[in-house]
Amino acid sequence: MVTRRRVLGGAIAATGGTLITGGALFPLVAARSAEAAPAAPAAPVAVPAPFTVKMPRLAELSPVSTWGGQDTYAVTIKEVDREIIPGTQTKVLTFNGQFPGPVLRARSGRKVVVRHRNTHSMPVSIHLHGANVPPEEDGGPMDTFGPGTTRTYTYLNEQSNAALWFHDHAHHMESEHVFRGLSATYLLSDDTERALGLPSGQYEVPIALRDARFDEAGQLVYVMGDAFERTTILANGKPTPYFEVAARKYRFRLQNSSNQRFFQLRLADGGEMIQIGSDGGLLESPFPTNSIGLSSGERADVVIDFSRYPVGTQIVLENTLGPGSPDQVGKVLRFDVVRTATDASRVPARLGVLPAVASLPAPAVQRTIVMSVDEDGRQDPRGFLDGQVWDADRIDQTVAFGTSEVWTVTNANKFVPHNFHMHLVQFRVLERNGAPVAPGEAGLKDTVRLMPGETVKLHATFNTYKGTYVYHCHMLDHSAMGMMANFRVR
Ligand code: C2O
Ligand code: CU
């Protein structure tokens with residue numbers, strides 16, 4: 001395995017077009033020369049130039065059975081070799097051999113059963129992020145299943161349309177396992193969503209974004225906390241790829257499955273993107289914007305109308321946040337408009353129905369949560385919630401079943417960003433730094449970003465299941481450093 005505790009996770013700075021360059025440059029090397037002597041040691045593997053690799057569509061998982069009112073899936077967790085860099089096989093940890101993980105499509109109210117067989121050498125625990133599930137189906141940090149064993153999770157899908165995802169959560173290994181590939185997409189749909197007429201079929205494209213670090217042999221290098229070294233951006237598992245589109249509307253289901261990287265996405269021409277959903281489902285109404293932020297673990301449902309571009313146009317999706325220089329991390333993928341197409345899809349003015357913030361149930365309890373990591377540069381940084389490192393046996397908050405609460409969460413660090421994720425619930429973000437949040441954050445959320453010094457106020461209702469769940473920073477290197485706590489609903 002790997003050195004598990006090194007530096008703390010990358011401070012992020014930047015915006016306004018300038019990015020912070022942090023740490024050593026990624027060892028980009030020149031492409032292999034044709035004249036190289038045959039006896040010379042193998043040339044270091046180079047990440048290809050941007051936009052030379054095509055972005056694939058994610059594989060879709062097919063059920064092994066749809067019998068008995070439920071969809072049953074069989075998943076094998078296994079290490080395989082996959083081509084991320086052209087011509088090089090990279091060892092990755094996968095669900096069913098897919099890198100990134102496949103898409104599981106579920107429907108509200110219809111049961112899904114997933115049987116995971118663990119052929120990896122370490123225990124894992126598979127958490128369905130954003131799902132309303134009883135504790136025994138939650139995939140908590142200690143609820144692991146070991147090498148050679150099988151574990152079945154049952155999901156009743158008792159919530160509205162949502163952009164969920166699943167990933168390993170085995171405590172202290174989740175960060176490395178997810179980095180090596182153990183994350184996948186779970187799109188929950190419902191009748192409301194289907195009736196809207198949004199772009200669908202080949203025009204609905206899930207995109208898993210993340211960063212990665214490779215060594216000179218083209219293998220993934222995981223070192224806890226080294227966000228500054230993870231400067232290769234992958235979209236659906238390929239480095240800064242291109243994606244061919246028709247001149248019409250597309251719906252992109254964006255998911256940031258990076259361990260630590262935050263993205264701030266824009267089209268190079270400043271063109272409009274229409275955000276229609278966030279973590280927990282569709283927004284109340286479409287939100288036209290030219291910049292979309294995604295911290296680790298967050299999702300955004302975005303429509304882009306390429307009909308405004310002539311065929312032949314190439315538009316880069318850029319990232320304006322570090323760590324890493326614009327050369328390294330400033331480009332995410334390129335949309336190439338290669339043909340025209342008819343378009344009967346629409347983006348209705350009203351998408352979902354969410355209770356107004358003012359009409360949410362009054363909180364029975366208000367709590368404050370303080371997030372921090374050691375940021376003094378020590379070798380062995382710890383992560384804290386309210387000054388404490390996670391203890392599996394300690395209940396940090398006890399919530400009365402059936403009540404609503406307001407949690408005021410602060411990032412006490414000066415340089416290090418965090419985000420805040422709760423299991424079990426989708427919450428509403430009432431305020432950011434005392435002000436109402438932008439429309440993109442006003443829907444159902446399970447993960448919310450907290451830049452250094454920021455405070456958010458969240459409203460959650462705990463009326464579905466009793467039991468113990470975790471809340472944590474979703475920069476997984478940080479949660480592995482202890483930035484996690486338990487709440488118990490009873
Ligand atoms: Cu996606 Cu507890 O995490
Ligand atoms: Cu954090």
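Student: In this predicted model, how many positive and negative side chains does the protein have, and how far apart do the centres of the two sets lie?
Tutor: Happy to start with charge. Lys and Arg count as positive, Asp and Glu as negative. On that count the protein has 48 positive and 49 negative side chains. The centres of the two sets are separated by 3 Å.

Student: Which residues are the protein donors of the copper ion (ligand 2)?
Tutor: A donor here is an N, O or S atom within 2.8 Å of the metal. Three protein atoms lie 2.0 to 2.1 Å from the copper ion, two of them ND1 and one SG. They belong to His-418, Cys-473 and His-478.

Student: And how are the donor residues of that copper ion spaced in sequence?
Tutor: Take the donors in chain order: His-418, Cys-473, His-478. Written as a pattern, their spacing is H-x54-C-x4-H.

Student: Is Cys-473 buried or exposed?
Tutor: Buried means under 20% relative accessible area. Cys-473 has a value of 0%, and His-478 is also at 0%. Because its value is 0%, Cys-473 counts as buried.

Student: Where does Gly-181 lie, and which residues is it in contact with, leaving aside neighbours within four places in sequence?
Tutor: Gly-181 sits in the loop that joins helix H1 (174–179) to strand E8 (183–189). With a relative accessible area of 3%, this glycine is buried. Apart from its sequence neighbours within four places, Gly-181 touches Leu-93, Phe-99, Gly-101 and Arg-210.

Student: What separates the C-alpha atoms of Gly-181 and Ser-258?
Tutor: Along the chain the two residues are 77 residues apart.

Student: Is Arg-428 buried or exposed, and in which strand is its place?
Tutor: Its relative accessibility is 7%, so Arg-428 counts as buried. Beyond its neighbours within four places in sequence, its contacts include Leu-354, Pro-355, Leu-444 and His-459. The place of Arg-428 is in strand E26 (residues 428–432).

Student: Stepping back, how many helices and strands does the protein have, and why is it called as compact as a globular protein of its length?
Tutor: The secondary structure comes to 4 helices and 30 strands. For 490 residues the globule rule gives 23 Å, and the protein is close to that, so it is as compact as a globular protein of that length. Its radius of gyration is 22 Å.

Student: What share of the 490 residues in the protein is buried?
Tutor: The C-alpha trace spans about 70 × 55 × 50 Å along its principal axes, and the protein exposes about 18200 Å². Among its 490 residues, the buried share is 59%.

Note on methods
Residues numbered from 1 in each chain as written. Chains lettered and ligands numbered in written order. Predicted model: local features only at pLDDT ≥ 70, side-chain atom pairs only at ≥ 80, totals over all residues. Heavy atoms only, no water. Helix = DSSP H or I, 4+ residues; strand = E, 2+ residues; numbered from the N terminus. Rg over C-alpha atoms; globule rule 2.2 N^0.38 Å. Buried < 20%, exposed > 50% of the residue type's maximum accessible area, 1.4 Å probe, protein only. Areas by Shrake-Rupley, 256 points an atom, 1.4 Å probe, with all protein chains shown as cover. Charge placed at Lys NZ, Arg CZ, Asp CG, Glu CD. Donors = N, O, S within 2.8 Å, 3.2 Å for Na, K, Ca; no water. Contact = heavy atoms within 4.5 Å.
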